[in-house]
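Dear colleague,

I am handing over the structure below, followed by an account of what was found in it. Please read the notes alongside the coordinates.

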Amino acid sequence: MSTPQFWSTPLRYLRWASHEKPAIFYSLIIGSMGPVALVTLPPLRRALGDVDPEPIPMTYPIPKGPRVVPKGYED
């Protein structure tokens with residue numbers, strides 16, 4: 001049983017794939033950039049001065065005092 005070509009010579013396979021199957025090659029390149037970006041972009045973003053926004057309120061603010069009943073909508 002022979003070893004798959006990718007695991008025996010990965011750089012040679014990537015060079016072949018870049019010429020013969022560019023969709024597979026570029027999808028591997030773009031897909032491998034995802035985990036790298038997940039680790040490197042947040043610290044870089046904060047270093048450039050971007051701040052995280054305030055969290056979105058999960059409840060409606062309750063006004064103080066009695067509820068004002070609207071007038072003029074009686075049938």
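From the N terminus on, the protein chain runs α-α-α, and the radius of gyration of the chain, taken over C-alpha atoms, is 28 Å, well over the 11 Å that the globule rule (2.2 Å times the number of residues to the power 0.38) gives for 75 residues, so the chain is more spread out than a compact globule. This is a predicted model, in which local features need pLDDT of at least 70 and side-chain atom pairs count only at pLDDT 80 or more, while totals for chains, interfaces and linings use all residues. Residues are numbered from 1 along each chain as its sequence is written, and side-chain values use heavy atoms, with hydrogens and water left out.

Buried residues (under 20% relative accessible area, with exposed over 50% and partly exposed in between, for a 1.4 Å probe and protein chains only) make up 4% of the 75 residues.

A search of the whole structure finds two aromatic pairs, where rings of Phe, Tyr and Trp (its six-membered ring) pair if their centres lie within 6.5 Å, and planes under 30 degrees apart count as stacked, over 60 as edge-to-face and the rest as tilted. The rings of Tyr 13 and Trp 16 have centres 5.7 Å apart and planes at 35 degrees, so this pair is tilted; Tyr 13 is buried at 18%, whereas Trp 16, at 38%, is partly exposed. In the pair of Phe 25 and Tyr 26, the centres are 5.1 Å apart and the planes at 75 degrees, so the pair is edge-to-face; Phe 25 is buried at 16%, and Tyr 26 is partly exposed at 48%.

Best regards

Definitions and conventions
Helices (H or I, at least four residues) and strands (E, at least two) are DSSP runs, numbered from the N terminus.
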